[in-house]
Amino acid sequence: MAHKFMYLFSLEHKREIINTYLKNDYVIIVILCALALLVVSTTVIENETSDPRGTTLVAESILQKGTIKLDHYKKDVRKILSYRLVRKNKHFYYVFPLGASIASIPFVAVANLLGMEMTRYDHQVQKVMTAVVAMLMIAMLYRLARQFLEPGNAALAAGLFWFGTSLASTGATALWSHNLATLFGLIALDLAIRDSKAEHSRSWARIGLCLFLAYFCRPTLSLLSPFLLLFLFARHRLAAVKAGLVLAALLGGFVAFSQHEFGQVLPSYYLPSRVSGASDVTTALYGNLFSPARGLLVFSPFLVAVWLCARRAPETFRLNPLWWGLGLAWPVLHLIVISRFPHWWAGWSYGPRLLMDVLPGLFLLTLRAWPTALDTRRLRIAAAVLAVTAVFSVFVHTCQGLYNGYSLLWNAEPPIDQNPQNLFDWKYPQFLHTRTRHQERVREYGPKPEPPVN
């Protein structure tokens with residue numbers, strides 16, 4: 001009898017220890033980061049040879065030659081870079097944003113010290129940085145969620161948002177410009193909300209810096225700045241002005257650099273004219289929200305389902321009403337802007353890649369509606385619907401988006417850029433693509449299938 005009692009006591013004690021650890025923020029962050037690292041390390045889909053190829057070469061050029069020009073690389077390297085290069089003023093430049101390249105400098109420096117040249121080891125350095133950014137991203141999601149939710153719910157919300165959105169299906173496949181831009185936007189958002197709850201703002205300099213870095217990594221993040229500064233202004237006017245001045249000073253420096261390097265106000269990728277010229281904005285809007293290949297609400301339906309659980313805002317979410325600008329107005333404006341882009345489906349992408357930039361705002365919106373109590377029948381039913389859509393979203397973005405090679409091959413046969421009407425084809429949705437369905441689709445729409453993807 002005594003032995004049985006001691007066993008039960010020991011078991012209960014172990015349970016208490018486990019529960020204590022699972023309520024510890026640092027333990028939860030380590031678990032979330034470990035899961036994100038596992039996914040990045042094991043994904044079958046890798047896009048390092050897509051647009052991000054060239055990111056580390058710019059960093060290496062800065063370290064070795066003191067310039068962002070890529071003239072010194074051999075002709076065969078420039079040939080591999082192909083469309084990623086632009087020739088301007090008789091020099092070769094990487095066409096995509098500079099922010100990711102600047103952020104890569106410490107990693108490339110270490111690689112160079114180890115004898116690794118980026119013409120051969122670009123893939124490996126990208127992989128390391130992708131993993132680091134993914135872990136920082138999921139940790140920041142949890143940090144933001146903890147401002148409103150207890151540890152268990154914060155971990156669920158952060159985990160769902162990483163594994164059930166493009167943060168996984170895009171962010172885990174390569175060092176896209178989206179990755180760092182979204183991370184800096186998320187950090188700025190977290191800092192602004194913390195300051196809005198405090199008596200004094202101590203983060204205005206970091207907010208201004210992060211807003212610039214988000215834009216520097218991806219120019220569409222410029223849309224975040226007015227909404228975030230206005231939100232901060234409602235609580236701390238002087239801090240918002242100071243943050244805006246920091247942002248303006250950094251933007252001024254960037255303009256001066258661009259004028260010196262390119263002879264124009266901004267690098268071509270940063271010019272507003274780049275996101276214009278779509279022949280049918282309405283179709284693009286619909287496609288970005290509801291198409292079976294790029295639809296945000298199709299690939300992540302929990303974003304809608306969570307609002308079935310909405311109730312009166314809890315005390316922890318008593319923010320000034322301008323937070324709706326961050327959670328709703330910013331994403332809507334971004335949606336309109338990218339829908340004006342002629343290539344709104346973003347080429348050979350998986351899901352709503354171009355909407356990844358506004359996921360921090362949508363995360364804040366999700367936290368407002370997140371169920372913390374299921375004390376009515378309506379809420380229990382709503383939570384069940386949320387759970388089903390959450391599982392579906394994780395399946396779509398993590399399982400299909402990262403471990404199913406046919407989801408990416410869907411873009412190739414037939415080529416999506418020449419057949420954009422297929423973006424709306426519910427007979428063969430991208431997120432349900434398989435070997436069998438691919439063979440059927442090719443027989444019906446395109447050329448003979450290539451050998452199976454392992």
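Two rings of Phe, Tyr or Trp (for Trp, its six-membered ring) pair up here if their centres lie within 6.5 Å, and the pair is stacked with planes under 30 degrees apart, edge-to-face over 60, and tilted for the rest. By that count, the structure holds 27 aromatic pairs. This is a predicted model, where local features need pLDDT of at least 70, side-chain atom pairs count only at pLDDT 80 or more, and totals for chains, interfaces and linings use all residues. Residues are numbered from 1 along each chain as its sequence is written, and side-chain values use heavy atoms, leaving out hydrogens and water.

**Aromatic rings**
- Phe317 and Trp323 have ring centres 4.9 Å apart and planes at 75 degrees, so they pair edge-to-face.
- Both Phe317 and Trp323 are buried (under 20% relative accessible area; exposed is over 50%, partly exposed in between, with a 1.4 Å probe and protein chains only).
- Phe317 and Trp323 also belong to one aromatic cluster with Phe148, Trp307 and Trp324.
- Trp426 and Phe431 make another edge-to-face pair, at 6.5 Å centre to centre and 75 degrees between the planes.
- Trp426 is partly exposed at 48% relative accessibility, while Phe431 is buried at 5%.

**Charges over rings**
- A charge sits over a ring if NZ of Lys or CZ of Arg is within 6 Å of the ring centre and within 35 degrees of the ring normal.
- Arg274 has its charged end over the ring of Tyr269, 3.8 Å from the centre.
- Arg87 lies over the face of Phe92, 4.8 Å from the ring centre.

**Whole protein**
- Of the 454 residues, 53% count as buried.
- The C-alpha atoms fill a box of roughly 85 × 60 × 50 Å along the principal axes.
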